[in-house]
Amino acid sequence: MLLKELRVEFRNKQTVNTFIILSILILAAFRFAFSVAEPPLEDVAGPILWVSIFFAGMLALSPTWKREVEQGTRDGLRVAPIAPSDVYLGKLLANLIVVFALEAVVVVVFLAFFPGTSPDWPALVAMLVLGTVGFVALGNLMSAIASNLAQSEVMLPVLLVPLMLFTVVISCVGGTARAFAGATVLEVGDELRFLAAFALVYIAAGYLSIEYVLEG
Amino acid sequence: MAEPVILARGITKSYGRVRVLAGVDLEVRKGDRYVLFGPNGSGKTTLVKVLSTLMRPDSGTLELFGAPLGDDPRPARARIGVLSHEPYLYDELTAWENLDFYARLYGVKDRADLVKASLREFELLHRAHDRAGTLSQGMRQRLGLARALLHNPELVLLDEPYAGLDLGAQEMLSELVVRMSKGGRTVLCITHDMQKGFSIATRVGALAGGRVAIERGVEERVDFEHDYLALVKGAVP
């Protein structure tokens, strides 16, 4: 499942192109916006980075399940003697690999647009990893739900954003801002524990509910 | 008499207020080539979805391979091959990769040999490394059939399998269906094509009004066609 997902993704390039282009555009927009006001970078670095990742990631996660519906392959998976939760985990792992790789590019572009930032790298990487796991786990499940609905591209943000705002987003933005201000892994421990808990909850929710979601 | 592979009693299914299946009783025995005809909208595809465990019926009982379909349909799924309107192919994967992926899902052993043999049987070996999205409609349908049969299923469900196939491929499919049933496999086929249907069938039925309204042996073709015509005229306003 994982190998199939990665093959389809890198040949289709839909996620890669969407993520890279949109995140660079968002970063460029912030760069120009802040060239006028110039607030302290450690205050805005967290929001800028995560807004880029969340919005680009939402569009990038949308085709994960929609493509299966459009190509008629979702039923092919459903008639196979495999657990739906295995399908969810396969897609989750593939999405994580793709999004982690793309995030590395986004961070490099971010540093190019906003030079002079010196975050605590272990803390920043820990925030990125745990925040992404929670985001992708929830996004994967919501993408599966949205694929059953008309206008799934619109419905995914409608379903995903409210759930993310008060869980993953608050912790990610706060913890990342502190990492950019020099806070260490230990000092952002509360945010990391919060993100780890949400990641586990979202993975469990997807694992347990995907069978009913796939029935449409 | 061979044991029933499909035993459906009183199967109903509605979409909202529209009742599509209104108490289907169907018995298909091991080695049968049962062809089900029916006018558009008679619920043929819905019935295939129920029989393939893709859809739960609203009521009624379904036994597959002599056992009631329980909460976990996976053991039954491993013994069923399905070819529907969609061939269940990934456009971005090659013909070989598509078959290899499904072979993994079904836990098939000696995958490479089997995939190669299957592509050869369906005359697709020369396109093995081309993406499925670049294949013609007929080739995709053949690849879909190869996918459906890859795990050597005991029950094969075919929903309009002749759609999109050229004459040669249609002949190949008919010969394959007959060969499969001689090898002990059971086939349930849904088609509009009366000629093709009778060429492969051992038993025929007609779905109308959400029920199996007519059932005949293949030797009773004249009676069946007479009754079916009357049924269709009655069913279509």
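Contact here means heavy atoms within 4.5 Å. The model is predicted: local features need pLDDT of at least 70, side-chain atom pairs count only at pLDDT 80 or more, and totals for chains, interfaces and linings use all residues. Residues are numbered from 1 along each chain as its sequence is written, chains are lettered from A and ligands numbered from 1 in the order in which they are written, and side-chain values use heavy atoms, with hydrogens and water left out.

Start with B:Arg185. Leaving aside residues up to four places away in sequence, B:Arg185 touches B:Gly31, B:Asp32, B:Leu149, B:Asn152, B:Pro153, B:Glu154, B:Val156 and B:Met180. It sits in the loop between helix H6 (167-182) and strand E8 (186-190) of chain B. Helices (H or I, at least four residues) and strands (E, at least two) are DSSP runs, numbered from the N terminus. B:Arg185 is buried but has no salt bridge. Buried means under 20% relative accessible area, exposed over 50%, and partly exposed in between (1.4 Å probe, protein chains only). A salt bridge needs a side-chain nitrogen of Lys or Arg within 4 Å of a carboxyl oxygen of Asp or Glu. For charge, Lys and Arg count as positive and Asp and Glu as negative, while His and the chain ends are not counted. The nearest side chain of opposite charge to B:Arg185 is B:Glu121, 7.0 Å away. What B:Arg185 does have is a polar contact of 3.4 Å with the side chain of B:Asn152. Such a contact is a pair of N or O atoms within 3.5 Å; within protein, one must be able to donate a hydrogen and the other to accept it, and residues adjacent in sequence count only if both atoms are side-chain atoms.

Move to B:His151, in the loop between helix H5 (137-149) and strand E7 (155-159) of chain B. B:His151 is buried, at 13% relative accessible area. Its side chain reaches the backbone oxygen of B:Ile80 at 2.8 Å. Beyond residues up to four places away in sequence, B:His151 touches B:Arg77, B:Ala78, B:Ile80, B:Gly81, B:Tyr106 and B:Val108. B:His151 and B:Leu105 are 46 residues apart in sequence, yet 9.6 Å apart in space, C-alpha to C-alpha.

Next, the backbone. Most residues other than glycine have a negative phi. B:Thr53 has a positive phi of about 70 degrees. B:Thr53 follows helix H1 of chain B and is buried, at 8% relative accessible area. Helix H1 (residues 44-51) is mostly covered, with 6 of its 8 residues buried. B:Leu47 and B:Val50 are among them. B:Tyr88 also has a positive phi, near 60 degrees. B:Tyr88 lies in the loop between strand E6 (80-83) and H3 of chain B, and is buried at 2% relative accessibility.

Finally, the interface. In chain B, 22 residues are in contact with 22 residues of chain A. The buried area is about 2,300 Å², with 56% from carbon and sulfur atoms. This area is the accessible area (1.4 Å probe) that two parts lose on being put together, summed over both. B:Leu54, B:Tyr90 and B:Glu92 supply 27% of the area that chain B buries against chain A, more than any other three residues. Between the chains there are 3 salt bridges. One joins the side chains of A:Arg7 and B:Glu97 (3.5 Å, N to O).
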